[in-house]
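Here are my notes, as promised, written to be read with the model open beside them. They go point by point.

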Amino acid sequence: AAAAAVAAATETNINDVNEKGTKAANCWHRVKKDNRASSFAALLVREFGLDRLRHGTGVVDVAGGSGELSFELALRWGVPCTIIDPRGQGVHLTSRHKRLLASRAANAALITPAWAAVSPLARQLAHEWGGF
């Protein structure tokens with residue numbers, strides 16, 4: 001059901017084409033290819049909730065390819081993921097991924113022990129970003 005919702009949201013609705021064959025102003029626009037994994041991860045979180053996705057050992061990403069969806073779920077939402085892909089090409093970090101990881105590492109370095117001692121938010125961020 002969730003996959004159908006994403007597919008419906010990412011495609012242009014053919015009923016929104018007027019008699020001249022042009023798209024009407026209120027039609028769905030195709031989600032940029034760069035944002036598909038992020039949009040789908042957000043949809044999974046909205047539909048199933050973080051607690052359910054984080055339950056047990058997390059999410060199994062079957063035919064996960066380069067790991068875009070797993071990257072989004074793990075780093076942005078904190079959902080543990082396992083990728084299974086028979087092609088075996090492995091995870092590919094894009095330049096966007098590398099910039100995000102570098103940013104998180106730099107931000108984690110800014111959290112001082114004194115700040116973490118008095119701030120629950122600082123402790124949480126240090127814990128989440130500590131592995132980068």
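1. At what angle do helix H4 and H5 pack, and how far apart are their axes? Keep in mind that this is a predicted model. In it, H4 (residues 68–77) packs against H5 at about 15°, and 12 Å separates the two axes. That angle makes H4 roughly parallel to H5, because anything under 35 degrees counts as such. As for handedness, H4 passes H5 in a left-handed crossing.

2. Now for the residues at that contact. H4 brings Glu68, Phe71, Glu72, Leu75 and Arg76, and these meet Arg96, His97, Leu100, Leu101 and Arg104 of H5. Sorted by class, the contact has 5 charged residues, 4 nonpolar ones and 1 polar one.

3. Leaving aside residues up to four places away in sequence, histidine 97 touches Glu68, Phe71 and His92. Glu68 and Phe71 are also among the H4 residues listed for the contact with H5.

4. Staying on H5, which spans residues 95–109, have a look at alanine 106, also found in this helix. Is alanine 106 buried, partly exposed or exposed? Its relative accessibility is 44%, so alanine 106 counts as partly exposed, falling between the 20% and 50% limits. Tryptophan 129 is 23 residues away from alanine 106 along the chain, and their C-alpha atoms are separated by 9.2 Å.

5. Over to helix H2, residues 36–48. Its 13 residues reach 18 Å from the first C-alpha to the last, close to the 18 Å expected at 1.5 Å a residue. The buried residues in H2 include Ala37, Ala41, Leu43, Leu44 and Val45. Just after H2 comes glycine 49, which takes a positive phi of about 85°.

6. Last, the whole chain. How many helices and strands does the protein chain have? The count comes to 7 helices and 2 strands, and from the N terminus on the elements run α-α-α-β-α-β-α-α-α. The protein chain has 132 residues, of which 26% count as buried. Taking contacts between residues at least 6 apart in sequence, 44% join residues at least 24 apart.

Terms used. Residues are numbered from 1 along each chain as its sequence is written. This is a predicted model: local features need pLDDT of at least 70, side-chain atom pairs count only at pLDDT 80 or more; totals for chains, interfaces and linings use all residues. Side-chain values use heavy atoms; hydrogens and water are left out. Helices (H or I, at least four residues) and strands (E, at least two) are DSSP runs, numbered from the N terminus. Buried means under 20% relative accessible area, exposed over 50%, partly exposed in between (1.4 Å probe, protein chains only). The expected span of a helix is 1.5 Å times one less than its number of residues. Axes are lines fitted to C-alpha atoms, for helices over the stretch in contact, and angles run from 0 to 180 degrees between N-to-C directions. Angles under 35 degrees count as roughly parallel, over 145 as roughly antiparallel, 65 to 115 as roughly perpendicular and the rest as oblique. A crossing is left-handed if the near helix is turned anticlockwise from the far one by less than a right angle, and right-handed if clockwise. Contact means heavy atoms within 4.5 Å. Ala, Val, Leu, Ile, Met, Phe, Trp, Tyr, Cys and Pro count as nonpolar, Asp, Glu, Lys and Arg as charged, and the others, Gly among them, as polar.
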